[in-house]
Amino acid sequence: MKRPINLQFALHGLGSSKLRSALTTLGIVIGVAAVITIVSLGQGLSRATKEQMESYGSGTIEVRPSMSGGYYYSDYAMSSVAVMGGSDYYSSPAQAQLTSQDVTAIEMLSTRVDGVSPQIEIYGSSSWNGESTYAGSILGITPEWLNVYKRELSLGRFISDEDNQNQLPVVVIDEQLAEEVMGSINPIGQILHITVNEVTQNYTVIGVLAANSQYSSTRYNLLIPMETANVRLPGARDAGISMIALRMDDRDMQEREYALAEVNTILRASHKLSRSDTADFYLQDTLQYSESSTQFLQVVTIVLALIAGISLIVGSIGLMNIMLVTVSERTWEIGMRRAIGAQRSDIMVQFLTEAILLSLAGGLVGMGLGIAGSYGVAMLFEELQGHIVVTAGIVGIAVGVSTIVGVVSGLYPAWRAARLQPTEALRHMA
């Protein structure tokens with residue numbers, strides 16, 4: 001029966017000074033609310049950033065020729081852009097090229113790549129009904145492009161093998177471009193005039209890509225069959241393949257590094273490069289941008305959470321101070337309880353319980369404010385909506401920390417209360 005009596009005394013002690021008890025918990029409330037809000041927002045921002053970065057390249061591995069005068073970092077395991085082979089930094093003496101043989105070699109020999117899509121990139125412009133509509137990249141692609149980049153169509157059809165083999169003048173456009181230029185007019189069958197190097201040709205719109213993300217690397221690009229580009233676009237055949245996109249569904253970074261190393265070996269063999277030759281191509285894994293950004297945000301979140309945790313430390317100091325004051329003010333109560341048979345352990349449990357109850361109350365209120373604050377801030381930013389999740393782990397940490405704060409802050413005052421001698425304590429009675 002002693003333990004319930006100790007709890008009863010603890011509740012009575014807290015109830016006798018309600019305002020003081022409420023103010024004592026304020027530091028705990030602020031600290032817990034700040035930690036929950038910052039950690040939840042940080043994790044939500046990490047999720048949003050990762051989703052946006054994956055959308056940018058759909059998690060592809062990109063192979064590009066090394067550019068004349070370009071400098072690239074060689075360690076693919078540590079950098080988002082990697083030159084496979086050669087010294088740390090190098091300058092390519094001439095414009096290198098990727099070829100259809102490279103594409104075939106990767107398709108036949110790679111064991112980790114799930115899709116291969118070569119593309120030609122030429123700068124050009126387009127117009128519709130006499131109005132300029134677009135200036136930027138014209139991409140010559142193969143039908144595999146849609147699968148590699150995991151895109152969908154909103155209207156029409158995609159480029160087929162027949163379009164490619166017959167070098168047909170057809171084009172697939174972006175949904176946003178179709179809406180901004182043609183409005184309510186059905187773009188399928190419309191004639192788009194594409195100009196490259198002052199040569200204008202007519203292309204029939206056969207499909208519209210569904211909107212993916214404002215961060216999509218294909219936003220506003222015009223897609224035409226690769227062989228059509230080689231034959232019809234001035235300079236395309238001489239420029240060669242601009243990039244080979246490789247789809248890899250495995251998101252494990254170690255497996256992706258193996259894939260990078262495998263593709264590097266295949267291409268070095270295809271280019272007949274010896275061990276000492278500098279690679280005339282470079283690889284980049286678009287997911288590494290996501291991993292780097294996510295890791296950076298995680299570090300920032302931890303730092304901010306630690307800063308917010310300072311208020312918990314301040315709150316615990318305030319709690320300890322109030323408990324010491326409480327022990328001094330209630331010395332007579334301690335003496336009376338000891339005189340009628342209470343043990344030192346009973347006195348210690350009573351005041352320790354008071355400290356824990358105060359910190360738990362602050363933790364629960366802070367948890368509620370933190371959850372509300374997290375979702376409230378997310379509503380103000382469109383990028384965060386749907387990405388904020390207050391997990392059980394975050395709540396558990398908040399409750400656990402507040403409990404630990406109560407125990408640590410209450411131990412010394414409770415110990416001091418338990419050490420008081422009954423005769424000395426009774427002298428403080430009025």
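I took helices (H or I, at least four residues) and strands (E, at least two) as DSSP runs, numbered from the N terminus. The model is predicted, with local features needing pLDDT of at least 70 and side-chain atom pairs counting only at pLDDT 80 or more, while totals for chains, interfaces and linings use all residues. Residues are numbered from 1 along each chain as its sequence is written, and side-chain values use heavy atoms, with hydrogens and water left out.

**Pocket terms.** I worked on a 1 Å grid over the protein atoms alone, where a pocket is an open set of points that fit a 1.4 Å probe, with protein on both sides within 12 Å along at least five of seven lines; lining residues have an atom within 4 Å of a point. Grid points join across faces, edges and corners, and a volume is the space filled by probe spheres set on them.

**Second largest pocket.** I looked here next and found a volume of about 270 Å³. Its lining has 17 residues, with Val35, Val39, Ala305, Ile394 and Ile397 nearest the centre. Helix 2 (18–57), helix 10 (286–329) and helix 13 (392–419) each give two or more residues to this lining. Helix 2 gives the most, eight residues. I sorted the lining into 11 nonpolar (Ala, Val, Leu, Ile, Met, Phe, Trp, Tyr, Cys and Pro), six polar (the others, Gly among them) and no charged (Asp, Glu, Lys and Arg) residues.

**Largest pocket.** This one holds about 380 Å³ of space. I found 21 lining residues, and Ser100, Pro118, Thr142, Met226 and Glu227 lie nearest the centre. Helix 3 supplies the largest share, four residues. By class, I noted eight nonpolar, eight polar and five charged residues in this lining.
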